[in-house]
Amino acid sequence: MKPLSQLRIDFMGRRNLAFIVSALMLIISIGAIIFQQLNLGLDFTGGTLVEVRYGAVPSLDAIRQLLEDSGFQGVSVQTFGASTEILIRIQQAFDADVGNDVVSLLRANGDSVNLVRAEFVGAQVGDQLRDQSGLGLLVALGVVMLYVAFRFQYKFALGALLALLHDVIIVVGVFALFKLEFDLTVLAAILAVIGYSLNDTIVVYDRIRETIRTSRIDDMPQIFNEAINATLSRTLATSGTTVLVLLALLLLGGDMIENFAIALLIGIVVGTFSSIYISGALLIPLKLSREDLIPTKKETDEEEEELP
């Protein structure tokens with residue numbers, strides 16, 4: 001079996017199939033976001049937080065089912081620190097007795113349960129957080145586009161921006177499709193995905209630019225294949241080790257960071273795909289040419305004649 005550094009995979013020959021797969025994922029994601037909408041967490045919607053302490057490790061599903069059967073809406077149950085510390089989120093108006101009501105229900109099965117705290121997060125705070133986080137995401141994308149345009153060329157910037165939008169939409173779409181809770185930890189994961197995907201894209205772009213400048217051929221698909229194959233071992237090593245860490249977080253990290261790990265896992269996989277088939281392959285329909293990176297001889301001579 002050949003090492004990754006010696007593989008010659010025809011990535012660009014499969015770009016049309018990759019575009020179809022990306023289009024299907026985007027359509028499904030956008031449809032889920034529009035029609036099913038996001039299951040916004042308490043950080044965005046407002047509601048009540050109740051923290052309780054059990055004498056023995058409880059069943060989170062049993063707690064959730066008991067509260068839902070008792071009429072509580074939008075119930076989310078997670079461990080908070082120790083396995084006996086339970087954080088309950090309820091998406092409804094705060095009541096002074098809500099903490100005691102929850103504890104009374106949980107004690108009905110004979111469990112030893114003590115109330116630690118019960119507090120309210122207002123909808124106004126949720127609206128503010130949502131607006132600021134959305135603005136932060138737009139600013140991040142804008143800065144990324146300016147950086148890539150300055151570092152490389154505007155066609156590279158368009159490819160990078162479309163790849164980042166592709167990654168963000170698919171991650172958000174998965175959360176909407178499967179009704180996973182979308183809170184600030186997931187938003188933080190999406191911002192981390194942007195950084196990771198951009199880093200991978202910059203590595204691919206840098207090798208594409210150098211290969212175009214040093215290659216003696218004008219066949220852009222072949223040049224792109226050479227550049228992507230040259231960075232493949234680095235890309236897979238980085239993605240593979242990151243995925244292993246995220247799997248450990250998902251399996252062993254507890255409920256508090258479960259959605260964070262899921263968002264990052266999806267983002268890493270999709271980001272690795274998009275760095276090749278979105279940010280890289282889109283440069284072909286954008287008609288990137290050698291002249292975009294290397295001035296022609298005529299242009300160089302004219303610049304020299306203008307010098308005093």
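Q: Which elements do the buried residues of α4 pack against?
A: They pack against β2 (47–54), α3 (60–69), β4 (82–90) and β5 (113–121). Contact means heavy atoms within 4.5 Å. Helices (H or I, at least four residues) and strands (E, at least two) are DSSP runs, numbered from the N terminus. This is a predicted model, where local features need pLDDT of at least 70, side-chain atom pairs count only at pLDDT 80 or more, and totals for chains, interfaces and linings use all residues. Residues are numbered from 1 along each chain as its sequence is written, and side-chain values use heavy atoms, with hydrogens and water left out.

Q: Which residues of helix α4 are buried?
A: Buried means under 20% relative accessible area, exposed over 50%, and partly exposed in between (1.4 Å probe, protein chains only). In α4 (residues 98–107), the buried ones are V98, G99, V102, V103 and L106. They sit on the same side of α4, because they cover an arc of only 135° around the axis. That arc is taken from the directions from the helix axis to the C-beta atoms.

Q: What is the strand order in the open sheet?
A: Strands of a sheet pair through backbone hydrogen bonds, either parallel or antiparallel. Two strands pair if DSSP finds at least two bridges between them. Here 4 strands run in the order β3-β4-β2-β5, with antiparallel pairing. The edge strands are β3 (76–80) and β5, and each pairs on one side only. From one strand to the next, the twist averages 25°.

Q: How many bridges join β2 and β4, and how many join β3 and β4?
A: β2 and β4 pair over 6 bridges, in the antiparallel sense. One place to look is R53, whose bridge partner in β4 is E85. β3 and β4 pair over 5 bridges, also antiparallel. There, Q78 has L87 of β4 as its bridge partner. β3 and β4 form a hairpin with 1 residue between them. G81 in that turn has a positive phi of about 85°.

Q: Which residues touch the most other members of the largest nonpolar core?
A: A nonpolar core is a set of buried Ala, Val, Leu, Ile, Met, Phe, Trp, Tyr and Cys residues joined through side-chain atoms within 4.5 Å. The largest one has 53 residues, and V148, F156, I190, Y205, I208, I212 and F224 touch the most other members. α5 (123–151), α6 (154–177), α7 (184–214), α8 (220–252) and α9 (258–277) each supply at least two residues of this core. α7 gives the largest share, 12 residues. Now find F156. Leaving aside residues up to four places away in sequence, F156 touches V148, Y205, I208, L283, L288 and L293. A second, separate core has 17 residues, including I63, F72, I88 and V103.

Q: How many aromatic pairs are there?
A: A pair of aromatic rings is described by the distance of the centres and the angle of the planes. Rings of Phe, Tyr and Trp (its six-membered ring) pair if their centres lie within 6.5 Å; planes under 30 degrees apart count as stacked, over 60 as edge-to-face and the rest as tilted. The count is 4. The centres of F175 and F182 are 6.3 Å apart and their planes are at 90°, so this pair is edge-to-face. F175 is buried, at 0% relative accessible area. F182 is buried too, at 7%.

Q: What kind of pair do F273 and Y277 form?
A: Their pair is tilted, with 5.4 Å centre to centre and 40° between the planes. The two are 4 residues apart in helix α9, so about one helical turn separates them. F273 is partly exposed at 24% relative accessibility, whereas Y277 is buried at 11%. Ring pairs link F11, F273 and Y277 into a cluster.

Q: Where do Q37 and K179 lie?
A: Most residues other than glycine have a negative phi. Q37 has a positive phi, near 65°. Q37 lies in the loop between α1 (15–36) and β1 (39–40). K179 also has a positive phi, near 55°. K179 lies in the loop between α6 and β6 (181–182), and is partly exposed at 42% relative accessibility.

Methods
Axes are lines fitted to C-alpha atoms, for helices over the stretch in contact, and angles run from 0 to 180 degrees between N-to-C directions.
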